[in-house]
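Here is a short report on one protein model and its ligand.

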Amino acid sequence: MNVLWIFAHPESRSFGGSLRDEGVRALREQGAEVRESDLYAMKWNPVVDADDFGSAAGSDRLFVGPTSKTALLTGELSADIRAEHEKLAWADTVIVQFPLWWYGMPAILKGWFDRVFVKGFAYGVQRPDGRTARYGEGALAGKRAMVVLTTGTSQAAIGPRGINGEVSEILFPLQHGALWYTGMSVLPPLTICGADRASAEQYDVAAEALRERLRTLSTQDPIPFRHQNGGDYDDNLVLRDDLAPGRRGMGVHLDV
Ligand SMILES: Cc1cc2nc3c(=O)[nH]c(=O)nc-3n(C[C@H](O)[C@H](O)[C@H](O)COP(=O)(O)O)c2cc1C
């Protein structure tokens with residue numbers, strides 16, 4: 001197993017940093033190859049700029065219509081992005097670990113996706129029948145991904161009727177909109193709640209939960225997101241009326 005562990009936390013001696021160390025160690029002990037993208041340690045630049053877009057050069061016109069906003073096509077991707085592509089291409093499994101910050105991922109991690117998941121590498125692949133391969137198929141199909149999340153809030157408060165909303169909804173943009181969109185199979189996340197106030201004993205429980213999830217990475221069932229091209233959606237990519245009838249929201253995109 002080739003695992004890329006993406007870690008977004010400014011402090012390696014934090015709860016999350018300790019979990020990362022534990023996870024990488026456990027994977028290596030079970031024989032996996034592990035490479036890391038420790039975004040703060042790498043001083044990752046999270047900001048997409050005009051060069052990344054590669055479309056402004058040579059033109060002083062205002063927007064006049066659709067353009068291909070991908071530097072990949074012009075061969076201008078910067079070295080830091082190409083290095084991440086090389087790691088992703090190598091990996092069969094991707095761990096994305098971060099603390100929940102304002103209901104989302106830290107900006108440095110969002111900026112990793114913004115700059116690394118470019119058209120031609122992560123999406124924009126055409127199927128032989130002319131349809132676009134995405135949501136369950138596409139450039140990164142065949143890889144497995146798992147989110148490892150720590151939160152300040154308690155498990156109950158991020159549960160079905162908790163004030164934060166559910167983890168599955170908070171993670172929908174990442175798990176469905178980025179990982180599944182690009183074709184990866186998304187394993188259920190490991191969420192460690194109440195990490196701010198965790199005791200040493202609670203850390204040990206979290207570390208064991210992580211080790212257990214890592215032991216079974218290749219056998220766990222992924223989240224059953226619906227495939228875009230599996231017949232569940234109409235030509236406008238709207239779920240058919242007879243599926244999840246009367247329901248709406250993110251949960252309808254699960255085939256359960
Ligand atoms: C900028 C910031 C925003 C945060 N937003 C949330 C949040 O929306 N929900 C939540 O449960 N915890 C939130 N927290 C708490 C962190 O998730 C928590 O401190 C972290 O997961 C604990 O792990 P650590 O000790 O490794 O940082 C936030 C913390 C910071 C610093």
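## Buried area, and the model

Buried area is the accessible area, taken with a 1.4 Å probe, that two parts lose on being put together, summed over both. Keep that in mind for the interface below. The model is predicted.

In the contact, domain 1 takes part with 12 residues and domain 2 with 7 residues.

## The interface

How much area is buried between domain 1 and domain 2? The figure is about 880 Å². Carbon and sulfur atoms give 49% of that area. On the side of domain 1, the residues that lose the most area to domain 2 are Arg-131, Phe-172 and Trp-180. Together they make up 45% of what that side buries.

What kinds of links cross this interface? The rule finds 0 salt bridges between domain 1 and domain 2. Polar contacts are present: the count is 7 residue pairs, with both residues at pLDDT 80 or more.

Two elements of domain 1 each supply at least two residues to the side that touches domain 2: strand S5 (132-133) and helix H6 (172-180). H6 gives the most, with 3 residues. By type, this side of domain 1 holds 4 nonpolar, 3 polar and 5 charged residues.

## Around the ligand

Which residues come nearest to the ligand? They are His-9, Gly-16, Leu-100, Trp-102 and Asp-196, out of 15 residues around the ligand.

For Trp-102, a backbone N or O atom lies 2.7 Å from a ligand nitrogen atom. For Gly-152, a backbone N or O atom is 3.1 Å from a nitrogen atom of the ligand. Tyr-103 places a polar backbone atom 2.9 Å from an oxygen atom of the ligand.

Technical notes: Residues numbered from 1 in each chain as written. Predicted model: local features only at pLDDT ≥ 70, side-chain atom pairs only at ≥ 80, totals over all residues. Heavy atoms only, no water. Contact = heavy atoms within 4.5 Å. Salt bridge = Lys/Arg side-chain N within 4 Å of Asp/Glu carboxyl O. Polar contact = N/O pair within 3.5 Å; in protein donor to acceptor, adjacent residues only side chain to side chain. Helix = DSSP H or I, 4+ residues; strand = E, 2+ residues; numbered from the N terminus. Nonpolar A, V, L, I, M, F, W, Y, C, P; charged D, E, K, R; others polar. Near = heavy atom within 4 Å.
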